[in-house]
Every structure is written in structure tokens, then in C-alpha cells.
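Colleague: I'm new to this one. Could you show it to me and then put up with some "how do you know" questions?

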Amino acid sequence: MTPEELVAGHTIYSCVMGSRAFGLATEGSDTDVRGIYLAPTPLFWRFEKPPTHVEGPADEQFSWELERFCELALRANPTALECLHSPLVEHIDDTGRELLALRGAFLSRQAHVTFARYALGQRKKLDADVRQHGAPRWKHAMHLLRLLMSCRDLLRTGALTIDVGAERERLLAVRRGEFSWPEVESWMTRLATESDEAATATPLSPEPDRARVAEFLFRVRRDSALKADAYDEVVQRAVPGGGQ
């Protein structure tokens, strides 16, 4: 089974991410699609395991195998967590709906560390641009501000919301370069401070609910194996002498 066939035939959930999901799309914005596929259990019984992720087949499309996705989300990977909260769902089946029902199990105080670490890496890139070119890449600055807002609000409320809502116009003004870099720096610093303050009283649990996620993954793997066994039995009965 090719990676393309896994995505085409076994995707349990896919959504639009990026600017369109964040409420920051402009004319000409790309449509970034992220998905999760469930590789049939028998593929794991071979020496060559199914891929943990697949790029494509369409432009701006990326998918994870379910187990890999769960690993990332349990570690509070910002990209994985936000994928489960996109308001733009393209495809979902029963297993995907179970996964979405579990999305609260992935949230924990670890998000403060992982979001902040990612934000710090992006901030260093922006600072390097300023040193080398006199200005940052304003689109990247906009998205970093959005991420910092999302982190702060998650820590404050315990809920992850990725649409920027009323902040849309202000953030788009940053993208257009209508704020000075010192103003944007100050905004970023303030958001980071607010996140740190929110972390001291956050309603989030210290750790994600790994047991619930593990039970879900075990069950869907088992169901996939049982379906494969049932299919093999039907094939054997359909072939003369196959059941002997």
C-alpha cells in the first residue's frame, strides 16, 4: 500500500489549517490541509512499517498516522493540538469523531512550555531578520503574535481557540507593516508575560490523560485487526479449497 493510498483510503480526519483556520486569510492565501490516517493494523506486522507521516499528494497537504499524531499531541506539540481545534473540518469518519471527542485529553500545562519554546525559536528568527535586513518578515511576526495569544488564552480558560476573532484587523495591520518593530516587540513581550501569569492559575491539568488516549488507540488498532481477519475469512471461503 503506497503512502498516497493510505491517505486516500484511510484518512479519519482532515481539516484546513493556516491563515484560513486562524481567521487571517487574505486574497491569495494558501489552503493548508492537515490530516490523520489510520494505517490498517496488519501493515504493522511486516518488517517495513507504514509511514508515520505523508506529504501530499496535493500541494500544501500533510498527514500523520494516528499513533504518531497522538504522540505529538500528548507532548503538547502546538501544530498537533491546533489541528484538533480547526473550525474548518474537511473530512471526518466515526474514528475521527472519537478522536475529536478526546481532544481535551491532550491538553495540559505542558502547553505553556511547548508553545513558549516554539515562540522563542520564531522570535530568534525574526530578530535575525531585523539585524540582517532592518525589518522582520511581517507575516511571520503576525503568526507569532497569534500563537502567543492562543497560548495565553488556553492557559487562562483551559480551552484552545485558534480563530483570532476580534484581533483580526490588528494582526493584519502587523502583516502589512503598519506597526513599528519596537511596537510589535513590546506586544510580544506583553503576551509572553500574560501567558506566564496565566500559567500560575491555569485550570489545565498538570499532565495529559495518556490512559484515555492509549485505550482509544488500542481499541482502534484491535478493531482494524479484527476487520482484516474477517476479510481474510471471507476471501478464503470464496476460493475453492480456501477454507481447508
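Modeller: Buried residues make up 44% of the 244 residues in the protein chain. This is a predicted model, where local features need pLDDT of at least 70, side-chain atom pairs count only at pLDDT 80 or more, and totals for chains, interfaces and linings use all residues. Residues are numbered from 1 along each chain as its sequence is written, and side-chain values use heavy atoms, with hydrogens and water left out.

Colleague: What makes a residue "buried"?

Modeller: Buried is under 20% relative accessible area, exposed is over 50%, and partly exposed is in between, with a 1.4 Å probe and protein chains only. In helix α3 (residues 66-74), L66, F69, C70, L72, A73 and L74 fall in the buried class.

Colleague: How many helices and strands are there, and what counts as one?

Modeller: The protein chain has eleven helices and five strands. They are DSSP runs numbered from the N terminus: helices are H or I with at least four residues, strands are E with at least two.

Colleague: Why is strand β2 described as largely enclosed?

Modeller: β2 covers residues 32-37, and five of those six residues are buried, so the rest of the structure largely encloses it.

Colleague: What makes β2 a partner of other strands?

Modeller: Two strands pair if DSSP finds at least two bridges between them. β2 has six bridges with strand β1 (residues 11-17), in the antiparallel sense, and five with strand β4 (residues 61-65), in the parallel sense, so both count as pairs under that rule.

Colleague: What makes one space a cavity and another a pocket?

Modeller: On a 1 Å grid over the protein atoms alone, a cavity is a set of points where a 1.4 Å probe fits but cannot get out, while a pocket is an open set with protein on both sides within 12 Å along at least five of seven lines; lining residues have an atom within 4 Å of a point. Grid points are joined across faces, edges and corners, and a volume is the space filled by probe spheres set on the points. The whole-structure search finds one cavity of 30 Å³ or more, and Q122, K125, L126, D129, R137 and H140 line the largest cavity.

Colleague: Where does the lining of the largest pocket come from?

Modeller: The largest pocket holds about 740 Å³. Its lining has 26 residues, with G18, F22, D32, Y118 and H143 nearest the centre. The largest share, six residues, comes from α8, which spans 138-157.

Colleague: What about the second largest pocket?

Modeller: The second largest pocket has about 280 Å³ of space. Its lining has 14 residues, and L38, T95, V220, S224 and K227 are the closest to its centre. Five lining residues, the largest share, come from α11.
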